[in-house]
Amino acid sequence: MNDAAWMAAAVALGEGARGTTAPNPNVGSIIVADGTAVGQGWTQPGGRPHAEWMALEAAGARARGATAYVTLEPCAHLSARGPACAGALVEAGLDRVVIALTDPDPRTNGAGAARLREAGVRVETGIGAEGAARSLAGYFTRLRLGRPFITLKLAMSLDGKIALPSGESRWITGEDARAHVHRQRAGCDMILVGRGTLEADAPRLDVRLPGMEDRSPRRALLTRREAPEGWTRLGAPDDVFALGDVNDLLVEGGAGAASAFIAADLVDRMLIYRAPILIGEGKSALGYIGLTALADAHGRWDLSHSEMLGRDRLEVYERVRS
């Protein structure tokens, strides 16, 4: 395997930890000696231990003279929760460290790579950066914009309806699509619905996949009134800027909540699950989103991925931002 392939494997390890590490990043790391992986790790729940420590522990003495692949620059700052990863890699005797992305945290930002180079470790950066950036989008968005990376999920018919006029919506999509939604939930720190969805459906918003039941995210409610016990209240979409410990937020329920977040231009990614059915008169997926001219609707979303989930089609759109 080449550097790109090893880094892709490290990204996959980090992606598996997404939704469990906030406010820390979900990093993946692999240590390779003589073409063989001798240690691997990912950021543990709650943010510690870091991925590099887990990989070093697994590799033991085999780390000496080896190459470490890390999806994010090893931390360089002192912490009450543990020593810096850059120093640990130096002490382990790594010959080379390949880093996908520089850490935007001002406590590390370039200092981790510099610490390695000063100790004589060969350092390369930028390999696998695109995949790492997708996986770490929540962490990067929170540090750069002061809010979580926000994904909007919509399950709709071919004609853009999310429910019958009566409000019946279970189930528009099939089992495969619903299982995919649960995997998305498992990768988020918080999941949000609107008051209408809460009162109409009493959603559990948990993860109901075998072996992943403990990955259910915290629940949030968009409402001007009080939120139930155990729920985080957001009075308006802009309240996401106060969620300092949330990297990834999933907006899942209600045309009102979806429209409010789109109108506030706070949606970074849309997951549209489109069922091969027609509803006709019914509840639309979106209401007013602040659009006053059709020309303003173009050029805002790029289709980044699509696939079939049983009979349903998933379309993933990324917000185009300068």
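Two residues are in contact when heavy atoms of theirs lie within 4.5 Å. In this predicted model, Arg142 touches Pro23, Arg147, Gly244, Val246 and Asn247, leaving aside residues up to four places away in sequence.

Arg142 belongs to helix 6, which covers residues 137–145. The residue is buried but forms no salt bridge. Asp105 carries the nearest side chain of opposite charge, at 7.1 Å; a salt bridge requires a side-chain nitrogen of Lys or Arg within 4 Å of a carboxyl oxygen of Asp or Glu. Asn247, one of the residues that Arg142 touches, also takes part in a polar contact, side chain to side chain, with Arg142 at 2.7 Å.

| Partner of Arg142 | Relation | Distance |
|---|---|---|
| Asn247 | side-chain polar contact | 2.7 Å |
| Asp105 | nearest side chain of opposite charge, no salt bridge | 7.1 Å |

**The chain as a whole**

The chain contains nine helices and 15 strands. Its radius of gyration is 21 Å, close to the 20 Å given by the globule rule for 322 residues, so the chain is as compact as a globular protein of that length. The C-alpha trace spans about 65 × 40 × 40 Å along its principal axes.

Of the 322 residues in the chain, 49% are buried, and Arg142 is among the buried residues. When contacts between residues at least 6 apart in sequence are considered, 73% of them join residues at least 24 apart. The chain exposes about 15,100 Å², of which carbon and sulfur atoms supply 51%.

Notes: Residues numbered from 1 in each chain as written. Predicted model: local features only at pLDDT ≥ 70, side-chain atom pairs only at ≥ 80, totals over all residues. Heavy atoms only, no water. Helix = DSSP H or I, 4+ residues; strand = E, 2+ residues; numbered from the N terminus. Buried < 20%, exposed > 50% of the residue type's maximum accessible area, 1.4 Å probe, protein only. Lys, Arg positive; Asp, Glu negative; His and termini not counted. Polar contact = N/O pair within 3.5 Å; in protein donor to acceptor, adjacent residues only side chain to side chain. Rg over C-alpha atoms; globule rule 2.2 N^0.38 Å. Areas by Shrake-Rupley, 256 points an atom, 1.4 Å probe, with all protein chains shown as cover.
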